[in-house]
Amino acid sequence: MTSMVAKLYDVPYALVSFVDDECQWFKSHHGLTIKETPRDISFCAHALCAEGIFEIPDATQDARFLDNPLVMGPPHIRYYLGAPLVSREGYSLGTLCILDTKIRAFSEAQRTHLATLADLVVQRLELHRLHCQERVVTTSGLGLWELDTSSGTTWWNDVVYTLYGVSADYPHDKSNAISVYMAEDQHRLEAALTQAAEQRVPFDLELRLVHKDKEFPTWVRVTGAPVSVGKDIMQIAGTIQDITPPKQNERRLQRQQRLERLVNHLQTSFIAEHDLSQAFSDTLAELVSLTESDSGFIGKVFYDEENAPFLKTHAITDISWDQASRRLFEKASQGGVVFSKQTSLFGYVLKTGKVLIANTPDQDPRRGGLPHGHPPLSAFVGIPITDNGKLIAMIGLANRPGGYQEDLIDELSPFLRNLGQLISSLRLRIQHEEAHKRLELSARIFSDSQNAIMITDQDNRIVDVNRAFEIMTGYTLSDVVNHQPNFLSSGCHTRAFYKDMWQSLLNDGSWRGELINRRKDGELLYEALSLSLIHNAQGDVTHHVAIFSDTTRLKKHTEELHLASHFDSLTSLPNRHQMLNQVREAIAHVHDGNTLAIGVLDLDGFEKINKQFGHKTADNILISVAKQLRDRVGTQGIVARIGGDEFALLLPDMNAKPDQLNAIIKSFVVEQPDRLDSPAISVNVSLGITLFPLDNADSDTLLRHADQAMYQAKLQGGNTFAFFDPGHEKKLKAQQTMRDDISQALQKGQFELYFQPQIDAASLKLLGVEALIRWNHPQRGLVMPDQFLPIISGTNTELSLDAWVMETALAQLSVWQKEGFSISVSINLTPQSLVHKQFIDMLRDTLSRHPDVPPNFICIEVLESAALDDLSSATKILNLCREMGCKVALDDFGTGYSSLSYLRNLPIDLVKIDKSFVMGMLKRSEDLTIVESITYLAKRFHKQVVAEGAESDAHIETLQRMGCNVVQGYGVAKPMPASQLISWATCEQSGKRGSKKQTT
């Protein structure tokens, strides 16, 4: 016990001490090695003089213990808490106490628990005293004997010598003492002595002595009990008595006595609240033995919903015969097993309430049959147990040799009456205990609940409140008892609110909701409240019960979370999330004809200000701008901070007049409070505006559109405003959709290369082709490159498409090479690839995958304008292309800032004249002059000339006269799929061209 208490209270010392006139001595101790102290230095002596729990918070500060050697010296006690040990007669015996070398503080519940533990100590002491008395009683008798457990020697009185029929010089050892009994009884006695020595179990045996001078054995009653010194069993002592005459002449009286003992045993177990299940098991075992039966059961009778009786066992003999039956009997030993079959021997007793004796069960018409494997049933008696005429229990006994007779039932009648009364009393006690437990539980719930509970009578006057109510409201029970609870009212609710609350309570019997009351100190108390009505048996309202929890902290925390999640901590303006909510609500309530303006405002050059003046000044600027913005927008508008230096505006009934917007974006002047001698800082802003419902989008999109318009204002130089153009946004969306479609088309293999022939201008022989991309759109058909290439300009998709064109063109060239069709292929390079660092790696990898394609059969075409945008990078890339053996052509020459220096410096092999000049040279002399000049200059710089746009024989003939090297255009052939090129070339070479229009 003391070890448990020390562990429970986390203290080094725990004692059970007794105090007499001279000293205190420790019945049990934990932590201390001393066993007693003088009374005058005893803490417990003071505890016995006090009422209830006695505490010494700090012995070093208590005048009574300043000189106490237990305080000044080892064990240096500073703290003491003791609960008195009071006997049932009211005598103070001592204390259960805990001590510590440091100051401790225990709750009221812990102090109360210590007192409860002290009561348990008293109960154990009382139980020990009763056990001692019981051993004295059970060890009394005519013959006395003792056995020394260590040496095996025995001591007898004279009666024992006489009973044993031996002289005083008979050896007094254990084996000789046991040898005088019959062989089968020797084992019983040996086992009883061993159990007494090892398990401290007393015994009471009826044994048979073998006397050499007597024909029949002598029946003796041998009792024994272990005698311990400290923890060790030193002796077993007992009595021995000749019971032969009662055995022979008073068998009936003996059974009556055993039955009385059974009743006494049950009564004792019932009164002492011992394990009743074990008591019933013991009773059954005794009944089975007493009636010389083989097995039996004792069960309580219950009634189902249809008032049909069924039996649940209190105790049953284990006669299991297989695994399934073994599980059944294990269940019975734990909580009883139910028998409800009415067509059976015990079912007859349940139905009729009459005794059943069946000495030939297998022939009895009332039998119900036995389960397969059940041990044989040779005889059975079912005995009903009633109380006031009602069947409450049943006893069943089986397999008595010779069967069962009516006189046995008569002999058991007194026992059966007492057993019925006990079972009935047990049932009532269980009901009372359950009711008492429910009451105790209700009381504990009321007192220990973390929720406040208030009970009022039918006039709504307070009857009781619990501790939680006192803590939450600040009012004690004495403050509020007999008062109506309206003194808690905070004034935050209207009369109508309380009227509706009471009406709901009366109509529905309960009400739940939130209430704001006021504590005793004036602070508001937010409650989650539940009200209910209590009715009496007649249905009248007798009490009202209010149960509530304090949600004040939750409310405050919710408000803090709301502020943190909806407002900017620096400026106290709404944040982006809150602004979106405001915009969403505003657009839902826009009336016809009204316009709602949503704006995004950004400080111009704020990053520079931040670096120049530091974060603190920058924060002050943001705070000042936020304040000035609120003033400029007015009370009807809303200002929010949605980013570092970005603000959002919501302007209702806005007609977007320039003077209104100019007033908002007027330069913000911010004083520097920390720098009195420094001038004020002037901050300009850029504002983007979108108008709803002209821009009929959701709140997120409206804010994004305003942000896009703000960046348009930035592009205009800042310090201005710009409006969002919904049409432009639709165009951007359409472009993005197209980009996605192109990307998916590339993955799905919807692109194809067409090839347009390039011929020698003099001989008209096929020299090569230009690879031109086409899109086989599943809905739109064949889509030309000018309809989709500009859309992906500058994107990753453009780079991917360049790589696809390069790979596809070389793969086709490889096929033609294998077929003996040797021509060159011109491949257009986009401006992005021209300056992209990974283009050369891509070209090198593609060439390596097609080693049969000579690099000089590949001509990389670059636009003149693209080459001039980044001349240095373009020059580097083109040089690398030529180093790998590829040719380079300058495409659309003449459309850009054509310069002789480009022809001189750019690493190119061919110059392609833009088709616009070639197509128009027969009609416009200016175009003809440009074509002639480019041809002349290119030749002077040793560059080949390719003329695009040769639409007729006249174009070809004119170009021949100029000395142009290569001709390309519809006058030669239109672009065609790869599958058609060889047949076209064959036709051309055989002189079967005919009309240009027909062949192209």
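I took helices (H or I, at least four residues) and strands (E, at least two) as DSSP runs, numbered from the N terminus. The model is predicted, so I noted that local features need pLDDT of at least 70, that side-chain atom pairs count only at pLDDT 80 or more, and that totals for chains, interfaces and linings use all residues. Residues are numbered from 1 along each chain as its sequence is written, and side-chain values use heavy atoms, with hydrogens and water left out.

Entry 1, helix α19. Within α19 (residues 606–613), I found F606, I609 and F613 buried (under 20% relative accessible area; exposed is over 50%, with a 1.4 Å probe and protein chains only). These three lie on the same side of α19, because they cover an arc of only 55° around the axis, taken from the directions from the helix axis to the C-beta atoms. On the face turned away from that buried side I noted E607, K608 and K611 as exposed. The buried residues pack against β23 (596–603), α20 (615–633) and β27 (681–683), where contact means heavy atoms within 4.5 Å.

I recorded an angle of about 15° between α26 (residues 839–849) and α28 (residues 871–883), with their axes 10 Å apart; axes are lines fitted to C-alpha atoms over the stretch in contact, and angles run from 0 to 180 degrees between N-to-C directions. That makes the two helices roughly parallel (angles under 35 degrees). F839, I840 and L843 of α26 meet I877, L880 and C881 of α28.

How values were computed: Parallel < 35°, antiparallel > 145°, perpendicular 65-115°, else oblique.
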